[in-house]
Amino acid sequence: MTPLRQRFIEDMLLRGLAPTTQRSYIHYAADFAKYYNLSPDKLDLEAVRQYQLYLLNERKMSPQSVNAFTAAVQFLYLVTLEMPWGKHCFPRVRVGATLPIVLSPEEVAQFFDHVPSVKYRAALMLCYGAGLRIGEAIAVKVSDIDSKRMVIRIAQGKGRKDRYVMLSPRLRLVLRSYYRAVRPAGTEDWMFPSWRPDRHLSASSISQACRDASEQCGLTKRITAHTLRHSFATHLLENGTDTRIIQVLLGHTRIDTTARYTMVSNHVIAATPSPLDTLRRKPGQKPRK
């Protein structure tokens, strides 16, 4: 390991970057150095700019991926190498606005009917029933489930924040049934332990189970574990739950992140009165046929 790479890793640790972010930054910085066959401390902003264009034009990478590279080299140059540049020297690619895919309640039930494994079905029901990210669901411990208060503690979720989510009666029944029937005795405190000692189930195995069920259930929509989280938020909104409560349950920092679910809620859109309906006709005027 080079001294620069070591310091890069240490700087990320000191600033509390998540392990997934650290791996991503190391990956992008290494590819950047490999492309030029030079250490990043011997490259300048023009090299960064040309590499961004290479990623976009030749490798056809998405704006999100190019922006992930930009975030990595921005940290490398501004924090680790302490270059006298500003954040404006690392422009981001504009990302188009997209709306999440949402399932109807009937489609959610149809999807769950095609998840064959009890363990995977329980984990995916946890994603939908409590609105969890896949990484949060697989990291739930038995001790995090409070059946008396009917809540689940999510420890160190995205942004390294703790929060509580609801434990619905049906979700409690699902988790209890799974725990009694399938969960191996003598394993660690993970709700969904892996076959490897002291580890929980991997996100990739849940994702694969989700893809398999998606193909078998006959729905044309692309379904991921995050689709279930989107559906959770949208269904709460359609049932009249306040947006601020949904924000807390999802663990969103910004309310505008939660507010986008109003754009995919059929109930909210359909229930919004059109200004056309409020136009007043002149006395005696009859509508044209």
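The model is predicted, so local features need pLDDT of at least 70 and side-chain atom pairs count only at pLDDT 80 or more, whereas totals for chains, interfaces and linings use all residues. Residues are numbered from 1 along each chain as its sequence is written, and side-chain values use heavy atoms, with hydrogens and water left out.

Ala68 lies in helix α4; helices (H or I, at least four residues) and strands (E, at least two) are DSSP runs, numbered from the N terminus. With a relative accessible area of 23%, Ala68 is partly exposed. Buried means under 20% relative accessible area, exposed over 50%, and partly exposed in between (1.4 Å probe, protein chains only). Arg94 is 26 residues from Ala68 along the chain, and the C-alpha atoms of the two are separated by 12 Å.

Two packed helices are described by the angle between their axes and the distance between the axes. Axes here are lines fitted to C-alpha atoms, for helices over the stretch in contact, and angles run from 0 to 180 degrees between N-to-C directions. Angles under 35 degrees count as roughly parallel, over 145 as roughly antiparallel, 65 to 115 as roughly perpendicular and the rest as oblique.

Helix α1 (residues 3-14) packs against helix α4 (residues 63-80) at an angle of about 95 degrees, their axes being 10 Å apart. The two helices are therefore roughly perpendicular to each other. On the α1 side, Leu4, Arg7, Phe8, Asp11 and Met12 make the contact; on the α4 side, Ala72, Phe75, Leu76, Val79 and Thr80 do. By class, this contact has 7 nonpolar, 1 polar and 2 charged residues. Ala, Val, Leu, Ile, Met, Phe, Trp, Tyr, Cys and Pro count as nonpolar, Asp, Glu, Lys and Arg as charged, and the others, Gly among them, as polar.

For helix α2 (residues 19-36) and helix α3 (residues 45-57), the axes come within 11 Å and cross at roughly 100 degrees. That makes α2 roughly perpendicular to α3. Asp31, Phe32, Tyr35 and Tyr36 of α2 meet Ala47, Val48, Gln50, Tyr51 and Tyr54 of α3. This contact of α2 with α3 has 7 nonpolar, 1 polar and 1 charged residues.

## The sheet

An open sheet is formed by 3 strands in the order β1-β2-β3, with antiparallel pairing; two strands pair if DSSP finds at least two bridges between them. β1 (145-146) and β3 (163-166) stand at the edges with a single partner strand each, so one side of each is left without a neighbour in the sheet.

β1 and β2 pair over 2 bridges in the antiparallel sense, and Asp146 stands opposite Val151 in β2. Their hairpin has 4 residues between the strands, and Met150 in it takes a positive phi near 60 degrees. Strand β2 (residues 151-154) pairs with β3 over 4 bridges, again antiparallel. Opposite Ile152 stands Val165 in β3, and opposite Ile154 stands Arg163 in β3.

## Arg133

Arg133 lies in the loop between α6 and α7. At 14% relative accessibility, Arg133 counts as buried. Leaving aside residues up to four places away in sequence, Arg133 touches Cys127, Lys158, Arg163, His226, Arg229, Leu250, Gly251 and His252.

Helix α9 (residues 203-216) has 14 residues, which at 1.5 Å a residue should span 20 Å; its end C-alpha atoms are 20 Å apart, in agreement. The expected span of a helix is 1.5 Å times one less than its number of residues. Ser205, Ile206, Ala209, Cys210, Ala213 and Ser214 are buried in α9. Among the elements that cover these buried residues are α5 (105-112), α6 (118-130), α7 (134-138) and α10 (225-238). Just after α9, Gly218 has a positive phi of about 85 degrees.

The 14 residues of α10 should likewise span 20 Å, which agrees with end C-alpha atoms 20 Å apart. The buried residues are Ala225, Thr227, Leu228, Arg229, His230, Ser231, Phe232, Ala233, Thr234, His235, Leu236 and Leu237. Gly240 follows α10 and has a positive phi, near 95 degrees.

Key: Contact = heavy atoms within 4.5 Å.
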